[in-house]
Amino acid sequence: MTTIAFDQIKGFVFDLDGVITDTSLYHTKAWRQLAEKLGVTWTKTLEDGLKGISRMDSLEMILKAGNKENDYTQDEKVALATEKNTNYVNAIHQMTPANILPGIKAFLDDLRANGYLIALASASKNGPTVLKQLELTDYFPKIVDPATLSKGKPDPEIYVKGAEALDLDPTQCIGVEDAAAGIQAINGANETSIGIGDPDTLSAADIHFNDTSEMTLANIAKAMA
Ligand code: G6P
Ligand code: MG
């Protein structure tokens, strides 16, 4: 639990999938299709556990769930992950600004109007494409490139780099996530965490909202008072 005061906050570091837009539906659909093709039973636990996890780590989790982690060579694994990504990329090309989650555009406008700095800390290599589809590119001048990370979420690295990109101390940043692995990463980076979604999954978050429309500066200030 952070004890930082709201007026110390200068920047926001955002996850993308499940926070800005509901790409998690498309990720899930593409992974599920691959898992079932490989004979791995799809479960809600597996589905939730994949949120925030990088592409190759996600594939490993799926193979492990089916006790198949030793059944493929590295090259075959790359081919499987590429197959999933091709399906995912086809799906996201149909996205439009209508796919922005409720209240997010207004919140970003409010952040801008109040001089907060904004960065993206998504594990997705497709982040810039998704932002383009949503016409939100201009709101995110700073994007942590997931290709530069040595460890994925729940490791704090991506959120540490998000604060660095904004030239802020991590304590001056709020991180926003929909996944348990992401909240762990924000907390580990020493930023204030906002969890959006299921309260049980996100019990480690400093601040919790049930959905994106509840995320306003006024509600955040109230939660930190
Ligand atoms: C996000 C999503 C994950 C996804 C990861 C990598 O963190 O929550 O579901 O696996 O990004 O995305 P990519 O588009 O690079 O495969
Ligand atoms: Mg997410």
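Which residues surround ligand 1? In this predicted model, where local features need pLDDT of at least 70, side-chain atom pairs count only at pLDDT 80 or more, and totals for chains, interfaces and linings use all residues, the shell consists of Asp17, His27, Leu50, Lys51, Gly52, Ile53, Arg55, Ser58, Ala123, Ser124, Lys125 and Asn126, a residue being counted if one of its heavy atoms lies within 4 Å of the molecule. Residues are numbered from 1 along each chain as its sequence is written, ligands are numbered from 1 in the order in which they are written, and side-chain values use heavy atoms, with hydrogens and water left out.

By class, this shell holds three nonpolar, five polar and four charged residues, where Asp, Glu, Lys and Arg count as charged, Ala, Val, Leu, Ile, Met, Phe, Trp, Tyr, Cys and Pro as nonpolar, and the others, Gly among them, as polar.

Among the polar contacts (pairs of N or O atoms within 3.5 Å), oxygen atoms of ligand 1 lie 2.7 Å from a polar side-chain atom of Arg55 and 2.7 Å from a polar backbone atom of Lys125, while a backbone N or O atom of Gly52 is 2.9 Å from a ligand oxygen.

A UniProt entry, which is unreviewed, lists Asp15, Asp17, Glu177 and Asp178 under "binding site", and such annotations may be inferred rather than shown by experiment. These residues span 164 residues in sequence, yet no two of their C-alpha atoms are more than 8.7 Å apart, so they gather at one spot.

Conventions. A polar contact is a pair of N or O atoms within 3.5 Å; within protein, one must be able to donate a hydrogen and the other to accept it, and residues adjacent in sequence count only if both atoms are side-chain atoms.
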